[in-house]
Amino acid sequence: MTSRTALPERVRALLTAPANVAVHGSPGSGKSWIADRVIAGLDSTVACIIRIDLSTVMTGADLFSEMAWMVADGKPKRPNSIDRLSIHAAWRLAREVIAEARVHVVLILDQFDRVLHFTDGQEFLLLFRELVHRPEALHCTALILSRRSLQSIEAKISGISTLASVCYTEFLGSLSSG
């Protein structure tokens, strides 16, 4: 386990390497503190930093739509509840916008456990893995923050874990341990 003070720099270095990182810990263990320091350490002139708290979206389709809207700086029309995109259409839009961004896109997804409540959770996990599994090709990496491990989240939704296989993982202990 990396020391608490060195972890933000390690995570920043991995995200820009490029690689994906998952940070797991109990409430109050410092996940958001680490994300704040990672963001401060990233160079916004060469990276588009997108931070989304998953408690603010209801489905994977909504999350992909929000990603696309934020990466494109609000240029695509933001879907409302009447004209929501299907999860596949929203994923394609997010992928296209990220590819057109011509900068490294860093997705910071807080409260990733919320995926357990998405009605399209299984499809979301498969499509999200597809989005981030080759960061050197699409120039998109993710920092995933959750209480549960990715393996646990994926096993509850689909019975298998594939997203966890494309992420470096850090487990946080209590604040007194580091």
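Which residues are linked with Asp36 in a network of salt bridges? The answer is Arg51 and Asp110, which join Asp36 in that network. A salt bridge here is a side-chain nitrogen of Lys or Arg within 4 Å of a carboxyl oxygen of Asp or Glu.

A word on the ground rules. The model is predicted, so local features need pLDDT of at least 70 and side-chain atom pairs count only at pLDDT 80 or more, while totals for chains, interfaces and linings use all residues. Residues are numbered from 1 along each chain as its sequence is written, and side-chain values use heavy atoms, with hydrogens and water left out. Helices (H or I, at least four residues) and strands (E, at least two) are DSSP runs, numbered from the N terminus.

Five strands make up an open sheet, and going across it the order reads 2-3-4-1-5, with parallel pairing. Strand 2 and strand 5 sit at the edges, each pairing on one side only. Pairing is called when DSSP finds at least two bridges between two strands. In general, the strands of a sheet pair through backbone hydrogen bonds, either parallel or antiparallel. Direction ignored, neighbouring strands of this sheet are turned by 15° against each other on average. Axes for such angles are lines fitted to C-alpha atoms, for helices over the stretch in contact, and the angles run from 0 to 180 degrees between N-to-C directions.

Strand 3 has a partner in strand 2, with seven bridges in the parallel sense, and Ile50 has Leu107 of strand 3 as its bridge partner. How many of the residues of strand 3 are buried? Seven of its seven are, so the strand is mostly covered (buried means under 20% relative accessible area, exposed over 50%, partly exposed in between, with a 1.4 Å probe and protein chains only). His104, Val106, Ile108 and Asp110 point one way from strand 3, and Val105, Leu107 and Leu109 point the other way. Helix 5 lies across strand 1 (20-24), strand 3 and strand 4, and runs at about 135° to strand 4.

Back to the charged pairs. The salt bridge count comes to five. In one of them, Glu170 and Arg10 meet through their side chains at 2.9 Å, N to O. This pair links distant parts of the chain, 160 residues apart: Glu170 belongs to strand 5 (residues 167-171) and Arg10 to helix 1 (residues 7-16). Glu170 is buried at a relative accessible area of 7%, whereas Arg10 is partly exposed at 34%.

Asp36 and Arg51 form another salt bridge, their closest N and O atoms being 2.5 Å apart.

Asp113 lies in the loop between strand 3 (104-110) and helix 5 (121-132), and Arg148 in the loop between strand 4 (140-146) and helix 7 (150-158), so the pair ties together parts that are 35 residues apart in sequence. Asp113 counts as buried at 9% relative accessibility, while Arg148 is partly exposed at 34%.

Conventions: Contact means heavy atoms within 4.5 Å.
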